[in-house]
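Here are a few friendly notes to read with the model open beside you. Take them one at a time and find each piece as you go.

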Amino acid sequence: MKDEIRKQLKEKRANMDKSTVHSLSTLAQEHFLSSELYLSSKTIMLYIPLKNETETDIILKRCLEDGKTVLLPVTDPETYRITPHVFTSYDALKKGAFSVSEPSSEATLSKKDIDLVVVPGIGFSKDGERIGFGKGCYDQFLSGYEGIAVGLCYDFQVAEFQSTPQDVPVDYIVTPSGITDCISHVMPMRANYHTHTYLCHHAIDTPREYVLEAIKNGLEILGFSDHNPCPFSNGFSASYKIDLCDTEKYVKEINSLREEFKDKIKIYLGYEMEYYPKEHENCLKYLKEFGVDYLILGQHFTNNGYDGVYPGNATTDEKILKTYVNQVIEGINTGVFTYIAHPDIINYQGDAHIYKKEITKLLREAKRLSVPVEFNLLGFREQRPYPCDRFWELVSDVGNLVVIGCDAHEKIYCGNQIIYKKAVRKLKKFGITPTDKIELRTV
């Protein structure tokens with residue numbers, strides 16, 4: 001059906017006369033230029049139209065007049081990957097892949113530095129789903145993109161069709177008739193239980209800065225869950241965890257903020273912690289001495305850490321997969337973990353049937369125990385191997401409770417509503433509706 005709609009819309013667009021293309025494009029561009037979308041953006045990626053695509057010349061001219069940084073996509077014809085290159089003038093364009101005009105300039109920007117991307121398309125749905133030429137160029141580029149994506153098209157190009165989990169939707173659609181907000185119906189994030197601080201050595205920003213950012217972003221609940229300090233029985237020290245000497249500092253800072261901001265936001269004191277069989281009871285005893293509200297299970301290493309492996313490394317070793325699954329199951333059966341953080345961190349690349357069998361076993365046990373699984377926003381925006389589609393297909397099949405966690409390692413990602421709403425829409429493709437109403441388990 002999607003291919004048929006693509007064919008129909010391409011034909012209809014191809015039959016437009018130049019006068020109609022120009023007049024309708026002008027109306028659409030005027031809507032965009034008068035919007036807050038344009039006015040609040042300093043760095044914008046546009047496109048040079050091809051085959052009667054909606055024109056962008058007025059926007060390009062205004063951007064340069066207003067001193068905005070303008071980029072155009074340069075596409076690799078073999079991988080279909082887009083790299084944003086700086087646009088300075090029409091004189092500095094050349095024919096690139098697929099006969100699309102591209103900047104000759106070698107100056108580029110990372111997509112994380114782009115405020116807004118204007119995306120062409122053959123068709124868009126009212127929810128922002130997009131039909132392109134079928135190469136996946138923009139799906140690759142928009143995957144993990146943290147800014148605003150805007151589809152620019154004619155009114156007849158807004159149609160209904162079935163999308164796939166690989167399709168990445170836009171946030172707004174601009175047509176000659178006006179602007180459609182495709183994300184306003186998505187409920188905002190109200191609670192985040194996955195927050196780190198500078199005390200774990202690989203995150204930045206203080207607890208206070210996270211609290212202020214959370215309040216600004218409209219969060220009602222903020223849980224701190226930095227990597228737990230652990231008095232390993234053999235004297236081992238994990239460099240990514242809070243130092244033992246900083247435990248009291250961490251607890252005092254968060255408890256102080258809890259009291260200071262009690263009328264503005266609910267704050268919880270927690271940790272992200274592995275289940276290490278030999279160290280578990282001793283570690284729990286240590287954390288309880290200082291007070292703790294909750295734990296989330298983030299199994300970054302197998303066995304006891306010092307004698308295990310990182311499951312996020314690509315592997316075909318069935319033993320690593322089974323060790324990870326069994327250890328997580330054993331961990332949630334202790335009853336102390338509120339949810340499983342980035343449960344799909346295990347990067348098993350071996351037999352698909354074995355993967356399905358083992359992960360299904362994990363998910364069924366999590367469901368039996370009513371332990372939610374987390375869709376991890378850090379991995380989502382950085383395009384890490386997790387979250388991975390095959391895992392979330394199994395989550396949908398099993399029917400697990402799902403929570404979205406920021407896994408914030410810097411304040412700007414604490415309650416970032418744009419990234420959160422992109423994640424909600426991604427999960428919707430699997431028939432999954434996340435919740436932020438979870439019960440904190442007693443440690």
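1. In which hand does helix 6 cross helix 7? Helix 6 passes helix 7 in a right-handed crossing (the near helix is turned clockwise from the far one by less than a right angle). Helices (H or I, at least four residues) and strands (E, at least two) are DSSP runs, numbered from the N terminus.

2. A word on the source: this is a predicted model, where local features need pLDDT of at least 70, side-chain atom pairs count only at pLDDT 80 or more, and totals for chains, interfaces and linings use all residues. Residues are numbered from 1 along each chain as its sequence is written, and side-chain values use heavy atoms, with hydrogens and water left out.

3. Now look at helix 2 (residues 18–33) and helix 4 (residues 57–65): their axes lie 8 Å apart, at an angle of about 35°. Axes are lines fitted to C-alpha atoms, for helices over the stretch in contact, and angles run from 0 to 180 degrees between N-to-C directions. Helix 2 brings T26, Q29, F32 and L33 to the contact, and helix 4 brings D57, I58, I59 and R62 (contact means heavy atoms within 4.5 Å).

4. Next, find the open sheet of 7 strands, with order 3-2-1-6-9-10-11 and mixed pairing. Strand 3 (82–86) and strand 11 (178–181) are at the edges with a single partner strand each, so one side of each has no neighbour in the sheet. Two strands pair if DSSP finds at least two bridges between them.

5. Finally, strand 1 (residues 43–45) pairs with strand 6 (residues 116–119) in the parallel sense over 2 bridges. I44 has L116 of strand 6 as its bridge partner.
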